[in-house]
Amino acid sequence: MKITSTPWPSQSYLKALRPEPGAGVELALLAAYSADPVAIVAALLALVARDNDDTDGSRRDLADAIETLRGKARIVVQRGRLAKMRHTPRLTGVLDQFLREVPFDEREGSWHPKAALIRFGGVKASEWRLWIGSRNLTAPENQDVGLVLVGGGRQGRVIPGVEGIAHALAVQADLPGVRPDHLAAEVAALRWRAPAGTRIDSIFMAKGDGRSKLPPLPRRVDALTVVSPFIDATFLNHVAKTEVADGRRILLSTTREIERLAATTARFGALYALDAPDYPSSDPGSPVAETADAALLETETLNTGLHAKLLHFRMGTKRKLWLGSANATARAWTGRNVEIIVETSITETIEAGLLALLGSARTVDPTAHEKLVDVALEADALDVARSQVASAWQAGIRVDDTGLTLVHTAATPHPHDLTIHLEVGLITGDFAPWPRGQQEIAFGQVPRDQQTELIQLAVSKDGLRREWMQRAPAEPPFGPDRDRAAFVRLLGVRGFLLWIAGLLVGIANAGDDDSWTLDELPPARPPSTLPAWRLDQALPTLEEILGAWARDRDGFDRADRRIRDYLPAVLEQAVVDDPAGHAQLEAFEELWTMVRHGLGTRR
């Protein structure tokens with residue numbers, strides 16, 4: 001059968017997170033194996049429709065996202081898989097409230113699902129979205145595949161399995177007020193609309209207990225294709241039991257994986273390869289071999305290259321496609337990892353997209369490797385040490401009159417290898433050595449704007465180094481005042497006024513380029529799009545405030561909330577940094593309070 005190949009449409013992952021005009025996020029639960037600050041911020045901005053492909057996002061946009069999503073959004077990742085940036089911005093510290101880590105010991109299994117469950121509210125009835133795919137919450141772009149299901153309304157069909165995803169995400173997210181059983185029941189009752197050309201047959205979320213079975217396949221099919229950046233012999237041998245009409249089972253992976261398992265991949269009549277992912281120099285994240293009879297440990301902090309995971313067969317007019325987070329390994333498909341796998345029936349048009357993916361790959365000659373035997377990758381000592389630290393992590397932050405203290409409640413999480421050094425510090429501060437046997441690390445008095453639950457860790461040996469982040473819950477927890485102090489420190493008085501100006505005149509990102517990744521105040525370059533009173537930092541008059549209220553009541557209310565939330569922190573900073581500005585801000589506060597009471601603004 002000849003099928004014309006047409007690539008699947010390219011669509012940003014962030015589009016699945018972005019609300020429609022007039023809608024807003026009521027609940028957002030995201031899951032990934034790994035995440036980094038850039039992608040986390042991009043996701044938060046998308047959830048409030050403030051993302052921009054050309055910029056990292058402004059401080060003011062991020063502040064709006066934090067205020068809007070506080071208590072509504074959580075991102076759940078594998079413990080030890082929060083990647084650092086080469087330069088970690090100070091505002092990274094405020095992301096701690098959105099992050100939760102799942103304490104899997106990666107030597108045995110991993111939290112590995114990639115999903116987003118979102119409920120939007122607006123002028124219409126609530127709309128749900130469920131995104132399932134292969135993409136991690138990391139900034140680098142890879143060749144990933146995912147699908148979006150839209151829930152709510154009378155169209156579509158009930159899909160068994162979605163309730164398990166909702167329950168598992170709610171348990172791990174641990175959001176106050178979100179009861180996993182209630183959320184699962186609500187999601188289970190929804191009708192879901194699938195993308196054109198697909199019918200969802202089942203959705204399965206493994207529990208990580210290793211009790212799942214490899215997928216049953218027909219004895220004979222007309223076509224069979226496996227796509228995965230990581231593979232193992234157990235899974236491939238299982239798939240190879242299925243006969244194919246033309247004798248050509250198809251495998252798309254990376255050259256390294258095909259060569260590593262040459263004796264097994266030779267059972268596939270057609271071998272294709274795409275580039276292997278690149279890895280940040282501070283965290284190569286390459287696969288780590290376990291014992292000879294165990295499956296490959298998949299560490300996926302990826303940059304570019306193949307990252308889609310697909311299993312496909314065609315038998316007559318019947319076409320099946322499995323997709324999701326599971327690599328073509330026994331570890332993934334037998335449930336040692338927590339994975340999400342979607343079984344779909346697809347049309348010829350969707351199948352054509354798979355053929356286009358194969359067409360973009362290069363062929364690999366299987367005869368070049370026919371004399372090789374399957375080999376495992378040599379374990380990297382620093383990756384092993386990183387896994388040991390992450391799996392032993394039982395740390396929290398004590399907050400008292402002495403400042404902040406990192407307290408590890410069990411034996412210290414040092415690597416077993418005595419020649420590997422461990423360092424630790426707040427993500428907003430510097431590294432310090434962590435002596436073996438010492439369970440407490442005193443950080444001392446930390447300014448409120450630099451307080452965070454995110455801890456940076458590093459293991460090093462012989463000039464090589466791995467750095468990453470982990471969370472240590474604070475007791476008592478840091479509240480909204482910490483967030484506001486952090487933003488005010490980097491916005492300054494002028495930046496605060498520009499932010500309010502943007503809200504009042506309806507400009508989402510008014511003012512200077514103030515990327516959240518910068519740790520300095522933006523240069524004093526007045527924007528031409530703002531009212532004259534913002535250009536010389538004079539404060540608004542009563543007439544200008546009333547004019548803003550008359551033009552846009554909702555925008556005025558947003559400005560009112562930000563003024564009441566942030567002005568105390570701005571005043572506190574201005575006392576030291578800008579005494580003259582402090583007096584002006586006090587006058588502005590008095591004027592604004594009088595106006596809002598007179599107008600009866602909505603909270």
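**Helix contacts, buried residues and cavities**

Visitor: Which residues of helix 14 does helix 2 meet?

Guide: This is a predicted model. On the side of helix 2, the contact uses Ala 63, Asp 64, Glu 67 and Thr 68. Their partners in helix 14 are Arg 562, Asp 565 and Tyr 566.

Visitor: How many residues of the contact of helix 2 with helix 14 are nonpolar, polar and charged?

Guide: The contact takes in Ala 63, Asp 64, Glu 67 and Thr 68 from helix 2, and Arg 562, Asp 565 and Tyr 566 from helix 14. By class, these residues divide into 2 nonpolar, 1 polar and 4 charged.

Visitor: Are helix 2 and helix 14 roughly parallel or roughly perpendicular?

Guide: Helix 2 covers residues 59-69 and helix 14 covers residues 553-577. Their axes are 12 Å apart, and the packing angle is about 100°. Angles of 65 to 115 degrees count as roughly perpendicular. Helix 2 is therefore, relative to helix 14, roughly perpendicular.

Visitor: How are helix 1 and helix 2 oriented, roughly parallel or roughly perpendicular?

Guide: Helix 1 spans residues 37-47, and its axis comes within 9 Å of the axis of helix 2. The two axes cross at roughly 70°. The orientation of helix 1 to helix 2 is therefore roughly perpendicular.

Visitor: What classes of residue make the contact of helix 1 with helix 2?

Guide: Helix 1 contributes Val 41, Leu 44, Leu 45 and Leu 47. Helix 2 contributes Asp 61, Leu 62, Ala 65, Ile 66 and Leu 69. The division by class is 8 nonpolar, no polar and 1 charged.

Visitor: Is Asp 483 buried or exposed?

Guide: Asp 483 is part of helix 11, residues 480-505. Leaving out residues up to four places away in sequence, Asp 483 touches Ile 66, Arg 70, Val 94 and Gln 97. The cut-off for buried is under 20% relative accessible area. Asp 483 has 1%, so the residue is buried.

Visitor: How far apart in space are Gln 78 and Trp 111, C-alpha to C-alpha?

Guide: Gln 78 lies in strand 2, residues 73-78, and is buried at 0% relative accessibility. Beyond its neighbours within four places in sequence, Gln 78 has contacts that include Ala 32, Tyr 33, Phe 104 and Trp 111. Gln 78 and Trp 111 are 33 residues apart in sequence, while their C-alpha distance is 5.1 Å.

Visitor: Which strand gives the largest share of the lining of the largest cavity?

Guide: The whole structure has 3 cavities of 30 Å³ or more, and the largest has a volume of about 80 Å³. Of its 15 lining residues, those closest to the centre are Lys 309, Leu 310, Leu 311, Ala 326 and Trp 333. The elements giving two or more residues to this lining are strand 14 (310-315) and strand 15 (318-324). The largest share, 3 residues, comes from strand 15.

Visitor: How many nonpolar, polar and charged residues are in the lining of the second largest cavity?

Guide: The second largest cavity has a volume of about 50 Å³. Its lining consists of Arg 90, Leu 91, Thr 428, Asp 449, Gln 450, Ala 486, Arg 489 and Leu 490. The classes in this lining are 3 nonpolar, 2 polar and 3 charged.

Visitor: What percentage of the residues in the chain is buried?

Guide: The secondary structure of the chain comes to 15 helices and 25 strands. Of the 603 residues in the chain, the buried share is 56%.

How values were computed. Residues numbered from 1 in each chain as written. Predicted model: local features only at pLDDT ≥ 70, side-chain atom pairs only at ≥ 80, totals over all residues. Heavy atoms only, no water. Axes fitted to C-alpha atoms, helices over the stretch in contact; angles between N-to-C directions. Helix = DSSP H or I, 4+ residues; strand = E, 2+ residues; numbered from the N terminus. Parallel < 35°, antiparallel > 145°, perpendicular 65-115°, else oblique. Contact = heavy atoms within 4.5 Å. Nonpolar A, V, L, I, M, F, W, Y, C, P; charged D, E, K, R; others polar. 1 Å grid on protein atoms, 1.4 Å probe; cavity = no way out; pocket = protein on both sides within 12 Å on 5 of 7 lines; lining within 4 Å. Points joined across faces, edges and corners; volume = space filled by probe spheres on them. Buried < 20%, exposed > 50% of the residue type's maximum accessible area, 1.4 Å probe, protein only.
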